[in-house]
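Colleague: I am new to this structure and would like a guided tour. Could we begin with its open spaces and then turn to the strands?

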Amino acid sequence: MAKVILDKTAMQRALTRITYEIIEQNRGLNDLVIVGIKTRGAILAQRIGERIAQLEGTKVPIVTLDITDYRDDRPQASKQPLDLGLSITGKNVVLVDDVLYTGRTIRAGLDALMAAGRPQKIALAVLVDRGHRELPIRPDFVGKNIPTARSEKVKVQVEEIDQQEQVLLA
């Protein structure tokens with residue numbers, strides 16, 4: 001049976017805390033770009049961007065990143081330069097995902113970002129860090145650290161897709 005480890009209110013609090021930390025670290029939001037890894041990371045990135053706009057009165061660019069062609073567990077696709085619809089060269093990028101586990105999804109996201117340009121800095125924001133890294137990747141902003149067994153699953157549910165808002169441990 002799945003256990004709720006974050007309910008809707010706790011998820012909102014975690015995203016608000018992450019947003020404040022991003023604002024503090026990026027004084028002057030002019031060069032900030034938020035990039036969400038498709039699918040749930042993109043939804044969380046959108047929420048962070050909306051919260052920044054509420055708090056700071058500044059809209060920051062928000063981009064959805066599809067990392068499919070950059071994953072190391074798929075046949076190699078031609079890695080053409082990636083068009084994000086805006087230049088990230090010289091920008092401070094915050095890469096957003098829902099769950100950090102082995103680090104392989106984030107590595108693919110970093111590869112995709114580097115194919116799109118050369119950012120000044122890339123920071124990582126995740127809602128849940130569950131441990132068990134296979135690559136030396138560490139988040140800069142974390143909603144909640146949840147120690148897990150490898151056999152357990154962490155599932156983030158968002159209203160836009162799942163019609164409910166929670167994080168489950170199964």
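Colleague: How many residues line the largest pocket, and which lie nearest its centre?

Modeller: Please keep in mind that this is a predicted model. The lining of the largest pocket is made up of 23 residues. Nearest the centre are Asp 97, Asp 98, Val 99, Tyr 101 and Thr 105.

Colleague: What is the volume of the largest pocket?

Modeller: The computed volume is about 550 Å³.

Colleague: Which elements give two or more residues to that lining?

Modeller: They are helix H2 (40–56), strand E4, helix H3 and strand E7 (154–157). E4 has the largest share, with four residues.

Colleague: And how does the lining of the largest pocket divide by class?

Modeller: Eleven of the residues are charged, seven are nonpolar and five are polar.

Colleague: Let us stay with E4. Is the strand mostly covered or mostly open?

Modeller: Strand E4 spans residues 92–100 and is mostly covered, as eight of its nine residues are buried.

Colleague: What does UniProt list for residues 93–105?

Modeller: An unreviewed UniProt entry lists residues 93–105 as "short sequence motif: PRPP-binding". In the model, that stretch is 62% strand and 15% helix.

Colleague: Which strand pairs with E4 over eight bridges?

Modeller: That is strand E5, residues 121–129, and the two pair in the parallel sense. Within this pairing, Val 93 has Ile 122 in E5 as its bridge partner.

Colleague: How many residues of E2 are buried?

Modeller: Six of its six residues are buried. Both faces are covered, with Leu 32, Ile 34 and Gly 36 on one side and Val 33, Val 35 and Ile 37 on the other.

Colleague: Why do the residues fall into two sets like that?

Modeller: In a regular strand, side chains alternate between the two faces of the sheet.

Colleague: Which strand is joined to E2 by four bridges?

Modeller: Strand E3, residues 62–65, is joined to E2 in this way, and the two run parallel. Here Gly 36 has Thr 64 in E3 as its bridge partner. The chain crosses from E2 through H2 to E3, and this β-α-β crossover is right-handed.

Colleague: Since H2 has come up, is Ala 45 buried or exposed?

Modeller: Ala 45 lies in helix H2. The residue counts as buried because its relative accessible area is 0%, and the cut-off for buried is under 20%.

Colleague: How far apart are Ala 45 and Leu 15 in sequence and in space?

Modeller: They are 30 residues apart in sequence, and their C-alpha atoms are 9.4 Å apart in space.

Colleague: Back to the pockets, then. How much space lies in the second largest pocket?

Modeller: The second largest pocket holds about 210 Å³. Helix H1 (8–25) and H2 each supply at least two residues of its lining. Among the lining residues are Leu 15, Thr 16, Arg 47, Ile 48 and Glu 165. By class, six are charged, four are polar and two are nonpolar.

Colleague: How many cavities of 30 Å³ or more are there?

Modeller: The count comes to one. The volume of the largest cavity is about 50 Å³.

Colleague: Which residues line the largest cavity?

Modeller: The lining consists of Gln 25, Asn 26, Leu 32, Asn 92, Val 93, Val 94, Lys 121, Ala 123 and Phe 141. E4 gives the most to this lining, with three residues, and E4 and E5 each supply at least two. By class, the lining has five nonpolar residues, three polar and one charged.

Colleague: Thank you. Which strand should I keep in mind from all this?

Modeller: E4 is the strand to recall: it supplies the largest share of the lining of the largest pocket and gives the most to the lining of the largest cavity.

Methods:
Residues are numbered from 1 along each chain as its sequence is written. This is a predicted model: local features need pLDDT of at least 70, side-chain atom pairs count only at pLDDT 80 or more; totals for chains, interfaces and linings use all residues. Side-chain values use heavy atoms; hydrogens and water are left out. Buried means under 20% relative accessible area, exposed over 50%, partly exposed in between (1.4 Å probe, protein chains only). Two strands pair if DSSP finds at least two bridges between them. On a 1 Å grid over the protein atoms alone, a cavity is a set of points where a 1.4 Å probe fits but cannot get out, and a pocket is an open set with protein on both sides within 12 Å along at least five of seven lines; lining residues have an atom within 4 Å of a point. Grid points are joined across faces, edges and corners, and a volume is the space filled by probe spheres set on the points. Ala, Val, Leu, Ile, Met, Phe, Trp, Tyr, Cys and Pro count as nonpolar, Asp, Glu, Lys and Arg as charged, and the others, Gly among them, as polar. UniProt positions are given in the numbering used here, feature names are shortened, and annotations may be inferred rather than shown by experiment. A crossover is right-handed if, with the strands pointing away from the viewer, the path from the first strand over the helix to the second runs clockwise.
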